[in-house]
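I opened a new notebook page for this structure.

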Amino acid sequence: MNKEHLQNVLSGFSKVGLGQFPTPLHPLENLSKKLNTSTLYVKRDDLTGLVGPGGNKVRNLEYILGEALRQKNDTVIVSGPMQSNLCTIVACACAKLGLEAVLIHNGEKPQVPTGNHLLNHLLGVKSVFLGAVSKEERNASMSRIKKELQAEGKVPFVIENGSTTGHGILGYMEALLELQQQCQEKGYPIKTIFTPAGNGGVASGLVYANALLGQPFSIIAVSVEYPKDILLQHMRAVIAEAEDILHIPFTHNLNDVCTVTDEYWGGGWGKNTLQSEDAVFSLPQAEGFFIENVYTSKVFVAMCDYIKKGKVQDGVCYLHTGGFSSLFAQY
Ligand SMILES: *Cc1c(COP(=O)(O)O)cnc(C)c1O
């Protein structure tokens, strides 16, 4: 499939403009010198334009909320931990679109709002704190709250699975086209993309589009949340969801068209490793922009390690997925 064909298929979906695209793609000159490597690049999806946490979720939400508006929903329900980037970006997007947002968090309401929770507070959205419940219980409570809102006459839309959904990953299929276009225009010889993987939505969108285009890039997904097997299951599931709405089969074995590593996740979501803790200082000191502890630092560590070990050749790109504002609650 060529890129015009894929672009055409994607343009058949309802989409709402939330961000500013294309996001910048630029070299990391200081860091390349420091690591004694050929030029590294960064794709600045921390600058998707909507809000502080910026990031990847803006791309997902353009398609997910496009679908919600098409279905005439007036309220959006989303769940996540209190410092969830997704929850804050949903709250911002809803402000812009004139929708009501309801955020559902596990944990107790803190005395003093910080980080993303402070932004949610400024946005004046409804935040529900469920206390010490598991992620599964938190997600299950969304359907209860949906019923309550329906009883009040609202038409709520539930954002499932941290926005890693069939519609959500269309945003990262589009991002891959965008990156390829920029490489051509700027003459950047990018061959390898390092991406974080939580639920695996970003990675799945990239991998699916990349496979359809005949693999112009190799994609290395760095797990920050799940062991490799589980992450691969999540990725297969969301790619299957996207296949259903795109009607384009993904004919590959996932392991043949991407590299997934769980060597850098340490204790899991939000738990630093010594190296990731160091990266949160060393990257801004070299390049003047920030990364945080949960997602972006671990990808950076993985990229540096691959380079040091000679596991990747020239033309390496770091996909920065944002999360800036959660940094203020991480220290
Ligand atoms: C949610 C998030 C990711 C991970 O996205 P998945 O699609 O769940 O893998 C990466 N980086 C940041 C900053 C995020 O907020």
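I needed one term before starting: helices are DSSP runs of H or I with at least four residues, numbered from the N terminus. I also noted that this is a predicted model.

Entry 1: I looked up the space in the largest cavity and found about 60 Å³. Next I checked which element gives the largest share of its lining. That is H7, with 4 residues. H7 spans residues 170-186. I listed the lining of this cavity, which includes Tyr 172, Ala 175, Leu 176 and Leu 179. Lys 43, Asp 45 and Arg 59 are also among the lining residues. By class, I read 7 nonpolar, no polar and 3 charged residues there.

**Entry 2: helix H1.** H1 covers residues 3-10. Which of its residues are buried? I found Leu 6, Val 9 and Leu 10. They sit on the same side of H1, because they cover an arc of only 100° around the axis. I recalled the general rule: an α-helix has 3.6 residues a turn, so residues three or four places apart point the same way. Then I asked which helices the buried residues of H1 pack against. The partners are H3, H7, H8 and H9. At the start of H1, I noted a side-chain oxygen of Asn 2 within 3.3 Å of the backbone nitrogen of Glu 4.

**Entry 3: the largest pocket.** I looked up its volume, about 760 Å³. It is lined by 43 residues. Which of them are closest to its centre? I wrote down Lys 57, Asn 199, Glu 225, Trp 269 and Tyr 295. H6 gives the most to this lining, with 5 residues. Strands take part too: S3 and S7 each supply at least two residues. I sorted the lining by class and got 12 nonpolar, 24 polar and 7 charged residues.

**Entry 4: the second largest pocket.** Its volume is about 230 Å³. I asked which helix gives the most to its lining. H12 does, with 5 residues. H2 and H11 each supply at least two. Among the lining residues I noted Leu 31, Lys 34, Asp 278, Phe 300 and Lys 308. By class, this lining has 6 nonpolar, 2 polar and 4 charged residues.

Technical notes: Residues numbered from 1 in each chain as written. Predicted model: local features only at pLDDT ≥ 70, side-chain atom pairs only at ≥ 80, totals over all residues. Heavy atoms only, no water. Buried < 20%, exposed > 50% of the residue type's maximum accessible area, 1.4 Å probe, protein only. Arc of directions from axis to C-beta. Contact = heavy atoms within 4.5 Å. Polar contact = N/O pair within 3.5 Å; in protein donor to acceptor, adjacent residues only side chain to side chain. 1 Å grid on protein atoms, 1.4 Å probe; cavity = no way out; pocket = protein on both sides within 12 Å on 5 of 7 lines; lining within 4 Å. Points joined across faces, edges and corners; volume = space filled by probe spheres on them. Nonpolar A, V, L, I, M, F, W, Y, C, P; charged D, E, K, R; others polar.
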